[in-house]
Amino acid sequence: MNLPAHIWINGRIVNTVEARISPFDHGFLVGDGVFETLVARNNKPFTPTRHWKRLVASCESMGITPPAFEVYLQAILEVMQANGLPDARVRVTLTSGDGPLGSDRGESPSTMTAAATPLKPWPPTETVLIVPWTRNERGALAGIKSTSYADNVRALALAHAQGAGEALFANTRDELCEGTGTNIFIVAGGRVQTPPLSSGCLAGVTRALTIEACQAAGITVEEVALPISVLQNCDEAFLTSSTRDVHPLARIDQREMPGVSGAVTQQVAQAFRDYVAGRDDP
């Protein structure tokens with residue numbers, strides 16, 4: 001893996017090779033942190049305000065002091081410029097700072113980093129595996145974009161081992177929930193449906209934009225609890241995320257899906273493109 005040359009840490013750009021975070025930082029020790037990932041094109045971060053608002057919400061839920069919008073945006077722009085990346089995948093991470101070896105927090109200030117890597121395209125379609133583990137819709141981290149990602153790492157490794165590009169979770173009620181870094185939409189009987197936030201899924205920025213885009217285009221989207229078994233008989237399905245936009249599914253487990261030829265998925269993807277066209281911060 002080629003690391004970017006520079007990273008932004010606590011207000012300044014430093015060489016990645018020389019960058020240091022304390023071994024007692026709670027983000028490292030116990031995953032006590034939150035983050036946002038967004039894309040930038042032509043030196044313009046896409047939907048930075050929406051991502052900042054979600055970052056603030058995650059910080060408030062976790063008891064971490066959030067950054068001012070100006071600090072957050074400047075960090076994004078500076079790390080892109082430092083690495084010469086007009087088109088980038090950018091991640092902003094905040095942790096609770098240094099703390100003891102257990103779960104108790106210390107009194108240190110939070111740690112904030114911003115990193116930028118080249119923006120790489122996804123393949124035209126994606127394949128997914130339904131994993132045997134569940135999301136806890138009543139858990140302390142439900143709906144929080146937390147750095148505690150070990151569940152996702154394990155699920156994605158299993159998906160990759162079985163030839164899939166993404167993993168899908170049910171929740172403890174055996175309802176469809178989300179992917180490791182994506183939201184899921186299905187099409188059944190011509191209706192577009194997606195799990196509600198009460199399922200335990202993350203309130204994805206692209207999920208929200210997709211729903212708004214469909215509403216603007218006259219396409220009805222239902223946020224409704226769906227049994228995980230719906231993936232066995234839905235007509236089409238697609239993922240959404242900040243780096244994928246609307247991403248058609250070509251296979252769910254061993255079941256072949258329409259992929260880019262899905263008529264409703266095509267309509268949704270076009271509605272999304274139309275909705276965000278020319279908008280840096282819709």
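Ala, Val, Leu, Ile, Met, Phe, Trp, Tyr, Cys and Pro count here as nonpolar; Asp, Glu, Lys and Arg count as charged; the others, Gly among them, are polar.

## About the model

This is a predicted model, in which local features need pLDDT of at least 70 and side-chain atom pairs count only at pLDDT 80 or more, while totals for chains, interfaces and linings use all residues. Residues are numbered from 1 along each chain as its sequence is written, and side-chain values use heavy atoms, with hydrogens and water left out.

## The second largest pocket

Rolling a probe the size of a water molecule over the atoms shows where empty space is left. A pocket is found on a 1 Å grid over the protein atoms alone, as an open set of points where a 1.4 Å probe fits, with protein on both sides within 12 Å along at least five of seven lines. Lining residues have an atom within 4 Å of a point. Grid points are joined across faces, edges and corners, and a volume is the space filled by probe spheres set on the points.

The second largest pocket holds about 530 Å³ of space. It is lined by 27 residues, and the closest to its centre are Arg-41, Arg-244, Asp-245, Phe-272 and Arg-273. Two or more lining residues come from each of β4 (44-45), β14 (245-252) and α6 (263-276). Helix α6 gives the most, with six residues. By class, the lining has 12 nonpolar, eight polar and seven charged residues. Helices (H or I, at least four residues) and strands (E, at least two) are DSSP runs, numbered from the N terminus.

Helix α2 covers residues 48-62, 15 residues in total. From its first C-alpha to its last it reaches 21 Å, close to the 21 Å expected at 1.5 Å a residue. The expected span is 1.5 Å times one less than the number of residues. Buried means under 20% relative accessible area, exposed over 50%, and partly exposed in between (1.4 Å probe, protein chains only). In α2, Pro-48, His-51, Arg-54, Leu-55, Val-56, Ser-58, Cys-59 and Met-62 are buried. These buried residues pack against β3 (33-41), β4, α3 (69-82), β5 (88-95) and α5 (205-217). Gly-63 follows the helix, with a positive phi near 75 degrees.

Thr-47 sits in the loop between β4 and α2. Thr-47 is buried, because its relative accessible area is 1%.

Most residues other than glycine have a negative phi. Thr-47 is not a glycine, yet its phi is positive, about 50 degrees. Asp-174 is not a glycine either, and its phi is positive at about 65 degrees. Asp-174 lies in the loop between β8 (166-171) and β9 (176-179). With a relative accessible area of 49%, Asp-174 is partly exposed.

Arg-251 belongs to strand β14. Its relative accessible area is 18%, so Arg-251 is buried. Contact means heavy atoms within 4.5 Å. Leaving aside neighbours within four places in sequence, Arg-251 contacts residues including Glu-126, Val-128, Gln-162 and Met-257. Arg-251 and Val-128 are 123 residues apart in sequence and 6.3 Å apart in space, C-alpha to C-alpha. The side chain of Arg-251 also reaches the backbone oxygen of Gly-163 at 3.1 Å.

Gly-97 lies in the loop between β5 and β6 (111-118). Its relative accessibility is 0%, so Gly-97 counts as buried. Gly-97 and Ile-130 are 33 residues apart in sequence and 35 Å apart in space, C-alpha to C-alpha.

Methods
A polar contact is a pair of N or O atoms within 3.5 Å; within protein, one must be able to donate a hydrogen and the other to accept it, and residues adjacent in sequence count only if both atoms are side-chain atoms.
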